[in-house]
Amino acid sequence: MTMKAVRFTVPGAPPVVEEVAIPEPGPGQVLVRIGGAGVCHSDLHVLDHGAMHFQGPFTLGHENAGWVARLGAGVTGLKEGDPVAVFGFWGCGHCHACLQSMEAYCENWESLPNNGGGIGTDGGMAEYMLVPSPRLLIPLGSLAPREAAPLTDAALTPYHAIKRGLHLLTPDATAVVIGVGGLGHMAVQLLRVLCGARIVAVDVDDRKLEHARQLGADLVVNSRNAPEAIETITGFTGRRKAALVLDFVGIQPTLDLAVHLVGRNSQLTVVGVGGGTIPLTQWTLPFGCSVCTPLWGSRAELMEVIALAQSGRIHVDASYFSIEQGPQVLQDLREGKVVGRGVLVPDLV
Ligand SMILES: [Zn+2]
Ligand SMILES: [Zn+2]
């Protein structure tokens, strides 16, 4: 039996849709029938640069949810048809970080056979996906898998990043979100439900800014003209500037902007892997400002994010596409054309 899958081959080559074998779950493993696979900027990073030291080819897709399809020998506690989200970073499962459910910070990540589906081994842009352990599956309850898939990264990553700066987000503080695409549009909603701080959304795309305004941003600013954007935002924040700046892009212009917007005794959080740099000296950042480079989130936090979505307090603005459309959606994402999140759905009709 075969299935269609969106595959990474070698760094720099475009993604291809191929027929691959439907995997069999071995002992301890679970086969998941995919209900949705989110299309993420990190997929472009894998396509362009490879996935760390892992060789292709493999199926892309690290934002996955679906239904339990088959259980490998010895797996208990799940049954066929259970709707589940797939936790994306697969750590060793037994180090200090993994035991705390923070597998993205696994101490043994360099010696693992992969870092998750779509990151060194087959991911979810296909009809089925093999998950190595039931510990990586989080029950979805009433949430539809295709609506939930982006929660595993596009919501979990900003959730984790915001929580690390949450103590700074008092009701008189300001949070700045740079880049309001897939992750940023979730960050705006998460800030709304997690704190009382005022929210400034920054992007170079007016459609995404309008989207952010609808989702609860107090001020939206186009940063194409950076000096003007800095003036507008610091006019809004006052001399205190932002208590938390979240950069979901991470390229040089956004990092330069972030440094101008963050206040003293605050936090600059870089999530986007855009390749920009911040020179770290006593004088390049405001005094007392910490810099944070969080990676993804924990399994416990994924449960919290799913709970927020189950109760309707956050939602993914998703557009749905077939597996065959995967390469085109990736190209659209590269060109900045995707508002919200693109999600591949294997049986899309
Ligand atoms: Zn991602
Ligand atoms: Zn570990």
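Author: Phe 8 stands opposite Phe 58 in E4. The model is predicted: local features need pLDDT of at least 70, side-chain atom pairs count only at pLDDT 80 or more, and totals for chains, interfaces and linings use all residues, while side-chain values use heavy atoms, with hydrogens and water left out. Residues are numbered from 1 along each chain as its sequence is written, and chains are lettered from A and ligands numbered from 1 in the order in which they are written.

First, the strands. Helices (H or I, at least four residues) and strands (E, at least two) are DSSP runs, numbered from the N terminus. Two strands pair if DSSP finds at least two bridges between them. Strand E1 covers residues 2–8 and is joined to E4 by two bridges; the strands run antiparallel. Arg 7 has Thr 59 as its bridge partner in E4. On the E2 side, E1 pairs in the antiparallel sense over six bridges. One example is Thr 2, whose bridge partner in E2 is Ala 21.

Together these strands form an open sheet of three, in the order E2-E1-E4, with antiparallel pairing. Strand E2 (16–21) and strand E4 (58–59) are the edges, each pairing on one side only. In a regular strand, side chains alternate between the two faces of the sheet.

Is E1 mostly covered or mostly open? E1 is mostly covered, with five of its seven residues buried. Buried means under 20% relative accessible area, exposed over 50%, and partly exposed in between (1.4 Å probe, protein chains only).

Now the rings. A search of the whole structure finds three aromatic pairs. Rings of Phe, Tyr and Trp (its six-membered ring) pair if their centres lie within 6.5 Å; planes under 30 degrees apart count as stacked, over 60 as edge-to-face and the rest as tilted. Phe 8 and Phe 58 make a tilted pair, 5.0 Å centre to centre with 45° between the planes. Phe 8 lies in strand E1 and Phe 58 in strand E4, so the pair ties together parts that are 50 residues apart in sequence. Phe 8 is buried, with a relative accessible area of 1%. Phe 58 is buried too, at a relative accessible area of 1%.

Another aromatic pair is that of Trp 283 and Phe 287. This pair is edge-to-face, 5.6 Å centre to centre with 85° between the planes. Trp 283 counts as exposed at 70% relative accessibility. Phe 287 is partly exposed, with a relative accessible area of 39%.

Pro 57 sits in the loop between H1 and E4. Gly 56 and Pro 57 are joined by a cis peptide bond, with omega about -5°.

Next, the backbone elsewhere. Ser 101 is not a glycine, yet its phi is positive, about 75°. Ser 101 lies in the loop between helix H2 (96–99) and E7. With a relative accessible area of 9%, Ser 101 is buried. Lys 241 also has a positive phi, near 60°, in a residue other than glycine. Its place is the loop between helix H7 (226–237) and strand E12 (242–247). Lys 241 is partly exposed, with a relative accessible area of 29%.

Cys 40 (SG), His 62 (NE2) and Asp 153 (OD) coordinate the zinc ion (ligand 1) at 1.8 to 2.1 Å. Cys 40 is in the loop between strand E3 (30–38) and helix H1 (41–49). Asp 153 is in the loop between helix H3 (145–148) and helix H4 (156–163), 113 residues apart from Cys 40. Both Cys 40 and Asp 153 are buried. The donor spacing in sequence is C-x21-H-x90-D. Donors are N, O and S atoms within 2.8 Å of the metal (3.2 Å for Na, K and Ca); water is not among the atoms, so sites may look incomplete.

E2 and strand E7 (128–131) are the elements that give two or more residues to its lining. E7 supplies the largest share, three residues.
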